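The stops below go from one selection to the next.

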Amino acid sequence: MPAAVVILAAGSGTRVGAAVNKVLLPLLDRPVLAWSVRDALATPDVRRVLLVVRDGEQEDVAAAIEPFLAPEPGAEPRAEVGLVLGGTSRHDSEWAALQALAPEIISGAIDVVAIHDGARPLAGQALLQAVLAVALEHGGAIPVVPLAGVVSRAGAPLPAGQPSAVQTPQAFAAPALLAAYEQAEAAGFGGTDTASCLERFGLGVIHAVPGSARNLKITFPEDVAVAEALTADLTTAG
């Protein structure tokens, strides 16, 4: 199952109150983005890792992750890591990454592609492996977690298991994913997330896998402190 992992890192630090891209903020001993890069490089069968970045931040991103690219002594060589310039929307950034991967997808060198938000540093290797495996078998996989504490307008709890929140990484069979985005480009369609694009063109059955409450997205200043608390018990080696 040769796979590629696309990590979206073309956001900003506006809502988190930072003067730099939030994925470059420190989280313990490494930048936020480096946590996702580390997990992708440690995942078996991942052959390519593409970081989608904003124009003008190429050097900053490269410098931030470079110390974390070397394999451990005695370990297998890691996947190739590259940078791709993102677009004005999430959909455009994903399309830019898929265009870069297209030759390998068409040739069969990549079977599965995972799309991950670089502002979710704690997704973990296990979740990435899970969505890749399910996508290989079924065509698509998204992590889902129940939303706790949500009530109806009348104040009554909603039925168990509803509603749910979708996380990343999301993974898909590479040929169907590329075909969906090619059709979206021709139709002028922009999806809200990766799965919505495949669903729009009927090119995949999306299966839910259990997500994790730990897999938070860093959006506001307090999220950085929460992430630091959640990572305090993790090893910082590697």
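Select Glu-57 and show what surrounds it: leaving aside neighbours within four places in sequence, Glu-57 is in contact (heavy atoms within 4.5 Å) with Ala-9 and Asn-21. This is a predicted model, in which local features need pLDDT of at least 70 and side-chain atom pairs count only at pLDDT 80 or more, while totals for chains, interfaces and linings use all residues. Residues are numbered from 1 along each chain as its sequence is written, and side-chain values use heavy atoms, with hydrogens and water left out.

Stay on Glu-57. The side chains of Glu-57 and Asn-21 are joined by a polar contact of 3.0 Å. A polar contact is a pair of N or O atoms within 3.5 Å; within protein, one must be able to donate a hydrogen and the other to accept it, and residues adjacent in sequence count only if both atoms are side-chain atoms. Glu-57 belongs to the loop between β4 (46–53) and α2 (58–65). Helices (H or I, at least four residues) and strands (E, at least two) are DSSP runs, numbered from the N terminus. Is Glu-57 buried or exposed? Its relative accessibility is 11%, so Glu-57 counts as buried. The classes are buried under 20% relative accessible area, exposed over 50% and partly exposed in between, with a 1.4 Å probe and protein chains only.

Next, select α7, residues 221–231. Its buried residues are Asp-223, Val-224, Ala-227 and Thr-231. They cover an arc of only 105 degrees around the axis, which puts them on the same side of α7; the arc is that of the directions from the helix axis to the C-beta atoms. Glu-222 and Ala-229 are exposed on the other side of α7.

Move to α1 itself. This helix is mostly covered, with 10 of its 11 residues buried. Among the buried ones is Trp-35. The charged end of Arg-30 sits over the ring of Trp-35, 4.8 Å from the ring centre. For this label, NZ of Lys or CZ of Arg must be within 6 Å of the ring centre and within 35 degrees of the ring normal.

Two backbone stops follow. Leu-28, in the loop between β2 and β3 (30–31), has a positive phi of about 55 degrees although it is not a glycine. Leu-28 is partly exposed, at 39% relative accessible area. Asp-45, in the loop between α1 and β4, is not a glycine either and has a positive phi of about 80 degrees. Asp-45 counts as partly exposed, at 30% relative accessibility.

Now select Thr-168 and Pro-169. The peptide bond from Thr-168 to Pro-169 is cis, with omega near 15 degrees. Pro-169 is in the loop between β8 (164–166) and β9 (170–173).

Last, display the aromatic rings. Rings of Phe, Tyr and Trp (its six-membered ring) pair if their centres lie within 6.5 Å; planes under 30 degrees apart count as stacked, over 60 as edge-to-face and the rest as tilted. The count by this rule is 1 aromatic pair. The rings of Phe-189 and Phe-201 have centres 5.7 Å apart and planes at 90 degrees, so the pair is edge-to-face. Phe-189 counts as partly exposed at 23% relative accessibility, and Phe-201 counts as buried at 18%. The charged end of Arg-200 sits over the ring of Phe-189, 5.4 Å from the ring centre.
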